[in-house]
Amino acid sequence: MMELSDAAFRRFSTWMREQAGIHLPAEKKPLLQQRLLKRLRARQLTSYEAYFQLLLQPAEQAERVLAVDLLTTHETYFFREPEHFNWLRRYLQQHPPSQALRIWSAACSSGEEVWSLAMLLADERGLASDWHITGSDISQPMLERARAAHYPMQRIDSIPPAYLQQWCLKGVGTQDGTLLIDPVLRPKTTFTHVNLAQDLPHMHAFHIVFLRNVLIYFDQAGKAAILQRILHRLAPQGYLVVSHSESLQGLNVNLRSIQPGVYRKSE
């Protein structure tokens, strides 16, 4: 097996910070080596240094996209951290359906978070009320999966049975063993490419932003920069939801803790 030198790892680590803002500490070296090995073989290269030089070539934009995708974690599942969905139900009960609601899933990966939110809002508010969910991610392949809303049956264990019956279509024939999110939910969602480590595209203000399991991949400076960008897209008195395992301690942000993982913008 080709070996990744410490010097080459540092170059890849710096490159990933420049491309996606992601911090790759030294303990991530085996992961980087394993994940990029398939690209070395696909491009018939004999060293990681040769692959790094390939990524620097202007004509290799598609390869750069592949590399960033391989080195970005995409773990997700339906109704992850259920207490956040319980909080959202309570929030909805306090805000009449006549009020517009805009939610941003800021690192939606393959879309399970977006569709979980869509099922909950459709159940609580119906499809006729004014709500919309925007899902974004740095990975174009993940966004394609999210838009398709088509998942293996093994991934549905955490979907409430009532939602499975109402908002999910079980595959038959050639689609056996898969599930499709009901297309009636699609007009209530939008998926777009966003790199949180760079200036954000023009977006309207959101009442709630889900930024779960994202900040853990950035150093303190990277976390602060991303949060400032997010806060500029969060409406006054809006809510930011991060993972239970993430902390905003030491970050100078205008947010007040409501419950574990849920923060409210002060103005």
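A residue is called buried here when its relative accessible area is under 20%, exposed when that area is over 50%, and partly exposed in between (1.4 Å probe, protein chains only). By that definition T134 is buried, with a relative accessible area of 8%. The structure is a predicted model, in which local features need pLDDT of at least 70 and side-chain atom pairs count only at pLDDT 80 or more, while totals for chains, interfaces and linings use all residues. Residues are numbered from 1 along each chain as its sequence is written, and side-chain values use heavy atoms, with hydrogens and water left out.

T134 belongs to strand β2. Helices (H or I, at least four residues) and strands (E, at least two) are DSSP runs, numbered from the N terminus. Contact means heavy atoms within 4.5 Å. Leaving aside residues up to four places away in sequence, T134 touches I103, W104, S105, T190, T192, M203 and F206.

Strand β2 is part of an open sheet of 7 strands with mixed pairing, in the order β6-β2-β1-β7-β8-β10-β9. Two strands count as paired if DSSP finds at least two bridges between them. The edges are formed by β6 (189–193) and β9 (255–259); each has a single partner strand, so one side of each is left without a neighbour in the sheet. On average, neighbouring strands of this sheet are turned by 20° against each other, direction ignored. Axes are lines fitted to C-alpha atoms, for helices over the stretch in contact, and angles run from 0 to 180 degrees between N-to-C directions.

Helix α7 (residues 140–148) touches β2 (131–137) and β6, and its direction makes about 170° with that of β6. Helix α9 (residues 220–232) lies across β1 (101–105), β7 (206–210), β8 (234–241), β9 and β10, and runs at about 135° to β8. Q228 lies in α9 and is partly exposed, at 35% relative accessibility. Residues up to four places away in sequence aside, Q228 touches N252 and V253. Its C-alpha atom is separated by 11 Å from that of D199, 29 residues apart along the chain.

In α3 (residues 48–55), the residues Y48, Y51, F52, L54 and L55 are buried. They cover an arc of only 155° around the axis, which puts them on the same side of α3; the arc is that of the directions from the helix axis to the C-beta atoms. Their cover includes α1 (6–20), α2 (29–42) and α4 (61–70).

In α6 (residues 112–125), 12 of the 14 residues are buried, so this helix is largely enclosed by the rest of the structure. Among them are E112, W115, M119 and R125. The expected span of a helix is 1.5 Å times one less than its number of residues; for α6 this gives 20 Å, and its end C-alpha atoms are 20 Å apart, which agrees. G126 follows α6 and has a positive phi, near 80°.

The cysteines remain. A disulfide is a pair of cysteine sulfur atoms within 2.5 Å, and the count by this rule is 0. C108 is in no disulfide, as the nearest cysteine sulfur, that of C168, is 17 Å away. That distance is too far for a bond. C108 is buried at 1% relative accessibility, and C168 is buried at 9%.
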